[in-house]
Each structure stands twice: as C-alpha cells, then as structure tokens.
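These are my notebook entries on a structure that I consulted entry by entry. I set down what I looked up and what I found.

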Amino acid sequence: MKTIGVLTSGGDAPGMNAAIRAVVRTGLANGLRVMGIQRGYNGIINGEIFEMTSSSVSDIIQRGGTILRTARSEEFRTEEGRKKAYNVLKVFGIEGLVVIGGDGSFTGAMKLSNEHGVKVVGIPGTIDNDLAYTDYTIGFDTAVNTVLDAINKLRDTSTSHERVSIVEVMGRRCGDIALYAGLAGGAESIIIPEQPYDFNELCRTIIESKAKGKMHSLILLAEGVGGAEDLAKKIEEITGIETRATKLGHIQRGGSPTAFDRILASKMGARAVELLMEGKSQRVIGIRDGKIIDMDIVEALSMKKKSDDYMYELAKILSF
Ligand code: F6P
C-alpha cells in the first residue's frame, strides 16, 4: 500500500484532531502518502482531497472539532454515491481509508469495502460512547468532563435557591454521558434510555431529599428519554419545589480534548495505519480493559451496547 486517505464523519468529537495527527504522522513515518479528505464522505464524492504533510497536523492535538471538517452524507448512503466515491478514490490512488466516526460512518465504510474492495479501518470518534465493542470512544471523556464542569456550576446556584436542577445531556440511544457525569457529579437521579424510570419514584426521591435537609436535587437526563423543560414543569407541579432545566446541547461536542482522549486518539490512529500496512481491512479499533484492540467491522456493528448496571445502582446508593 502506497497511499491512504483519512476522513472524519458524523458528529464531531474532541480528540478527532489528535487521531488525524496520529494517522498522518504514523503513515509518513512508514513511507506512505497520506491524503486528507474534507467534509466526510461528501469530500470523497466531491474530490475535496489534499496531500497532508507533517506540518498539516502541527498544533492541532489540543484543538477540539476536526480540521478535516465533517458531514453526514446522504449521497454516500446510496450505491450510486459509493460508486462515485470509489472512482474518485481511484483517481487519487487511495487504496486504504481510515474513517473516524460513529456507527453510521462505519456502516458506510463497510459498504464501500464490500462493493469496491477498498481497504477500510474505523476509529471510534463520537462523544456518545454508544459503540458496544469498545469500552471508550474518542471524545466521550472530554464530553463527560464538560458536563461535570457545568454540573459543578449548577450546584452552586441550585443550592442557593434550594431548587431542583435538571441537566439534559446528549445521548439519543446511549445514556453513558448522563451516567458517567451523574456518578462523578453526585447526581440524585440519572435518567437514561437503557434503564426504566418511574416518575412517581423520582418525585418521592426529590421530596425525601428535601426532608433530609439536602439543599438541592440534581437530575441528569439523557436526551433520548425526553426534554428537560417538560420534566421540570411536571416535577414542580407535583413536588411544589422550584425546578429549572438546563440543556447543555452542542457545548458538549467542543473544547480541548482531555489527556485521556488525546492518548486514546493517538494510539488508535497509529494502530489504524499499522493495520492497513499489514494488508488488513474491515477492522475497527477499540479499547478493552485498557488495551487497544481491533475487530471485524460486521461483528462490531452487530454488538448491542448495554449500560453499566453496577454504575447505575452505585450512583443511586451514593446519592442517598
Ligand atoms: O452522535 C453525536 C451527537 O452529538 C448526539 O449525541 C446528538 O444527539 C447528535 O449528535 C446531534 O447531532 P447534530 O450535531 O447533527 O445536531
């Protein structure tokens, strides 16, 4: 293999730049040409491709977002779109592709490889931590720390006013951001899509907390369960305690990556290039029990993510 391409796709995540840097510099160190592809799969179709040098990735390890930009490509979802993309890859001599993104991006890579034989390796980049085959995805740790910082601030004002504070965080199908930030932030309740929740029990917890002398109640809510504003109104109505809702939104997707995310991204980026050089394809990189692993893309995509029941119960016990 002489030439590889790298792209970021789907929602951006802090640490994507560190991963791009690792891909580019590992590739160059091994004598490969590395092509940067802009705006995800759309960038292949539109030929937004340029050769990267070591200095293309200088001064980016600490930056959030992605220097390659990102997109969710509708055209690439079609067979025709992927055929166009393959033809463009051929023009640029790109034989191997490193895709940094989430499950949708991996599915696209798998299809491109099945239909046209392009060698692909996926690096998990998403704040959601919603990929079952890996313990962590790039960007998750930074997002959890961003939420934690917000929780610390919200605690101050909630305590002063003796209010209930609901913090809505990202996570449509996966409640990991809420779960990890909730445990780390000492939340009274964590509401996530993977665990059943009972509104009456939630209100009882809030009322009992107040009776025990707690100055405020903090509730972490994953967006997949519902909106914070509606829940706040309902809680206030039933408990009679002033309740405020805060939706953190895209703040969670930005910011300088934590050391954990930078190291994870660096290791994963390097491993992705090694795999391509070994002639491997349709692999995704992950981390399990602290070790970098790789796995078949089809198998990885077929795994169902489960939430950590132990963490969920622990958060409940510790907030009592
Ligand atoms: O998948 C990452 C994510 O940030 C989700 O947590 C969130 O639901 C979604 O992307 C938001 O997408 P967009 O940036 O397109 O609004």
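I began with a term: two residues are in contact if their C-beta atoms, placed from the backbone, lie within 7 Å. I applied this to Ile-292, which touches Lys-267, Met-268, Arg-271, Ile-285 and Ile-287, with residues up to four places away in sequence left out.

**Entry: the model and its numbering.** I noted that this is a predicted model, in which local features need pLDDT of at least 70, side-chain atom pairs count only at pLDDT 80 or more, and totals for chains, interfaces and linings use all residues. Residues are numbered from 1 along each chain as its sequence is written. I looked up pLDDT, the predictor's confidence in each residue, from 0 to 100. The chain averages 97, and 100% of the residues score at least 70. For the complex, the predictor gives an ipTM of 0.97 and a pTM of 0.98.

**Entry: Ile-292.** I placed Ile-292 in strand β11 (residues 291-296). Helices (H or I, at least four residues) and strands (E, at least two) are DSSP runs, numbered from the N terminus. I then checked burial: a residue is buried if 20 or more other C-beta atoms lie within 10 Å of its own, exposed if 12 or fewer, and partly exposed in between, with C-beta atoms placed from the backbone. Ile-292 has 14 C-beta neighbours inside 10 Å and therefore counts as partly exposed.

**Entry: domains.** I recorded domain 1 (3-139 + 257-302) and domain 2 (143-252) from the domain assignment of the chain; such bounds come from an automatic or database domain assignment. The contact between them takes six residues from domain 1 and nine residues from domain 2. On the side of domain 1 that touches domain 2, I found one nonpolar, three polar and two charged residues. In this classing, Ala, Val, Leu, Ile, Met, Phe, Trp, Tyr, Cys and Pro count as nonpolar, Asp, Glu, Lys and Arg as charged, and the others, Gly among them, as polar. The C-alpha centres of domain 1 and domain 2 lie 35 Å apart.

**Entry: the ligand.** Which residues are around the ligand? I list Gly-11, Gly-102, Thr-126, Ile-127, Asp-128, Met-170, Gly-171, Arg-172, Glu-223 and Arg-253, where a residue is near a molecule if its C-beta atom, placed from the backbone, lies within 6 Å of it. By class, this shell holds two nonpolar, four polar and four charged residues. The ligand lies between domain 1 and domain 2, because both give residues to the shell around it.

**Entry: the nonpolar core.** I looked up the term first: a nonpolar core is a set of buried Ala, Val, Leu, Ile, Met, Phe, Trp, Tyr and Cys residues joined through C-beta atoms within 7 Å. The largest one has 87 residues, and Ala-19, Val-98 and Ile-177 have the most contacts inside it. Helix α9 (residues 259-277) gives the most to this core, with eight residues. Domain 1 and domain 2 each supply at least three residues to this core. Leaving out residues up to four places away in sequence, Val-98 touches Ile-4, Val-6, Val-23, Val-121, Ile-123, Ala-272 and Val-273.

**Entry: Val-120.** I found Val-120 in strand β5 (residues 119-124). Val-120 is buried, because 26 other C-beta atoms lie within 10 Å. Beyond four places in sequence, the residues that Val-120 touches include Leu-97, Val-99 and Ser-281. Val-120 and Gly-5 are 115 residues apart in sequence and 9.6 Å apart in space, C-alpha to C-alpha.

**Entry: helix α6.** Just after α6, Gly-186 takes a positive phi of about 70 degrees.

Entry: Most residues other than glycine have a negative phi. Asp-59, not a glycine, has a positive phi of about 65 degrees. I located Asp-59 in the loop between β3 (49-51) and α3 (79-91), and Asp-59 is exposed, with 10 other C-beta atoms within 10 Å. Asp-289 likewise has a positive phi, of about 50 degrees. Asp-289 sits in the loop between β10 (283-288) and β11 and counts as exposed, with 6 C-beta neighbours inside 10 Å.
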